[in-house]
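Hello,

Here is the structure I promised to hand over. Please open it and keep it beside this email as you read.

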Amino acid sequence: MSVGGFKKQINKASQFMSEKVLKEKGTEIEEDFRVLERKCDATNEVSIKLLEKTKELLYPNPASRGKMSARAAYGKISGKQQELRYPHVEAQMSEIMMKTSFDLGEDSAFGVSLRDTGETLKAVAEQREMLEINVQQNFMDPLTMLINKDIKEILHHRKKMEGRRLDFDAKKRKQAKGSNITDVEINLAEEKFEESKELSETSMMNLLEGDVEQIGQLAALVEAMGEMHRESASLLESLHGELMTQMNQASSRPREIRQPKTRTRFTSTRRQPDIGSDDESPARSPAKSPRASAAQRPQAKALYDFDPENEGEMGFKEGDVVYLTERIDDNWMSGECNGESGFFPTNYVDVVVDF
């Protein structure tokens, strides 16, 4: 910065302090101009807030939103742009349901319902991704351009105008105090001030006259949101009807009656001695040990951990031996394990000795 420029900055700072501290009056700006400034400031503020809240609308999870921002910033620095996809909850639920449906198989009514629900939720997640694309292109990108170009240009002109006004007023104040500031210098400073003021006013009016474009952007946002909700609602309503049909079919389906397995008795091939013969007397059967008696009780082996959630249920760990006391229905049994008793789901155990 040249010596003249440095002096000019000092003069402007001195004028600014005189106005703020000593309450000296500078060149007054017309009220119409101030109204334009307030309207442009309001437009700038609402644009920044809308951009922030729209991101929260599209990407509700703040942690995932932060990761996406960090990855985008890293991509700009490294020059390696990556495709960033937000992990929608519907897509995650769909993944879980589809996997479990495959595990249950086609013969499971619940598995079929999980498959249908998972496919629908996947379609809902795709609708959300389409919403992201539409809102980004038709609302967020134009809004970002408005902030970074038009409003930024207005703020630049206004800042420059304010600096030139301070320079103009400082020279007038110095001339009034007997300084050697000439009228030519004052006239030149006034011309520059008026030039910046005209540029500021023109740019602000251009911004405020762009109502049609800004309303169109809002309309695009609302249209994209409405389309996503309509398509999602249609998908979910169709799924609800299908699930109700499947529920009715499952409730009317006859239950499979499971017959207990018959066990064949062991027949000894050893010759029994004749009664009254002088041969060795019949051997006494050994006393049953507690371990042998326990093995003959109806029992099952736990396939998975079961944590009781309701009163009357009995929990156990994988590998525990569960002694069976009653078969309640096809889905539930009651038994004893580790000194506790209660009921538990049949598919959590493998029956070793049936009733």
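First, a definition: rings of Phe, Tyr and Trp (its six-membered ring) pair if their centres lie within 6.5 Å, and the planes of a pair count as stacked under 30 degrees apart, edge-to-face over 60 and tilted for the rest. By that rule, Tyr304, Phe306, Phe316, Phe344 and Tyr348 make one aromatic cluster.

Two notes on the source. This is a predicted model, where local features need pLDDT of at least 70 and side-chain atom pairs count only at pLDDT 80 or more, while totals for chains, interfaces and linings use all residues. Residues are numbered from 1 along each chain as its sequence is written, and side-chain values use heavy atoms, leaving out hydrogens and water.

**Aromatic pairs**

The whole structure holds 7 aromatic pairs. Tyr59 and Tyr86 form a tilted one, with 5.4 Å between centres and 50 degrees between planes. Tyr59 is in the loop between helix H2 (31–58) and helix H3 (62–78), and Tyr86 is in the loop between H3 and helix H4 (89–104), so the pair ties together parts 27 residues apart in sequence. Helices (H or I, at least four residues) and strands (E, at least two) are DSSP runs, numbered from the N terminus. Tyr59 and Tyr86 are both buried; buried means under 20% relative accessible area, exposed over 50%, and partly exposed in between (1.4 Å probe, protein chains only).

Now take Phe306 and Tyr348. Their ring centres are 5.3 Å apart and their planes at 70 degrees, so this pair is edge-to-face. Phe306 is buried at 9% relative accessibility. Tyr348 is partly exposed at 27%.

**Cores**

A nonpolar core is a set of buried Ala, Val, Leu, Ile, Met, Phe, Trp, Tyr and Cys residues joined through side-chain atoms within 4.5 Å. The largest has 28 residues, and Leu58, Phe139 and Leu207 are among those with the most contacts inside it. H2, helix H5 (109–176), helix H6 (183–208) and helix H7 (211–252) each give two or more residues to this core. H5 gives the most, with 11 residues. A second, separate core has 11 residues, including Ala300, Phe316, Val322 and Phe344.

**Sheet**

Two strands pair if DSSP finds at least two bridges between them. S1 and S2 run antiparallel, joined by 3 bridges. Lys301 stands opposite Val321 in S2.

Best wishes
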